[in-house]
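Subject: Structure for you to look at

Hello,

Here is the structure I said I would pass on. Please open it before reading the rest.

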Amino acid sequence: MTANQDQLLKDIVAKTLGIATVPANLSQKNCDKWDSVSQLNLIVAIEAAFGVEFAPEEIATMRDLATLSATLSQKLP
């Protein structure tokens, strides 16, 4: 993933979750705003911005920024 793509992902996460900064260790466990509804909104926003689709099995594992980034990276050319 390029630096621009990484920044876009962080911008999407910040906007969707309504947070000012996106720490590297961000996860559902340490962010009260990252609930099940936010998870769906986050996935939809990422899919739209990057032109990718995630399988339900992938979505189920995407519970932190690192996994979001790694899973997205696999989808990008």
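Predicted model: local features only at pLDDT ≥ 70, side-chain atom pairs only at ≥ 80, totals over all residues.

The protein chain has 4 helices and 0 strands, and from the N terminus on its elements run α-α-α-α. Its radius of gyration is 11 Å, close to the 11 Å that the globule rule gives for 77 residues, so the chain is as compact as a globular protein of that length. Along the principal axes, the C-alpha atoms fill a box of roughly 30 × 25 × 20 Å.

Of the 77 residues, 38% are buried. Among contacts with a separation of 6 or more, 51% are between residues 24 or more positions apart.

The chain carries 6 positive and 9 negative side chains, with the centres of the two sets 5 Å apart.

Now to helix 1, which covers residues 3-17. From its first C-alpha to its last, helix 1 reaches 21 Å, close to the 21 Å expected for its 15 residues at 1.5 Å a residue. Which residues of helix 1 are buried? They are Leu9, Ile12, Val13, Ala14 and Leu17. An α-helix has 3.6 residues a turn, so residues three or four places apart point the same way. The buried residues of helix 1 pack against helix 2 (36-50) and helix 4 (65-75). Just after helix 1, glycine 18 takes a positive phi of about 70°.

Regards

Technical notes. Residues numbered from 1 in each chain as written. Heavy atoms only, no water. Helix = DSSP H or I, 4+ residues; strand = E, 2+ residues; numbered from the N terminus. Rg over C-alpha atoms; globule rule 2.2 N^0.38 Å. Buried < 20%, exposed > 50% of the residue type's maximum accessible area, 1.4 Å probe, protein only. Contact = heavy atoms within 4.5 Å. Lys, Arg positive; Asp, Glu negative; His and termini not counted. Charge placed at Lys NZ, Arg CZ, Asp CG, Glu CD. Expected span 1.5 Å × (residues − 1).
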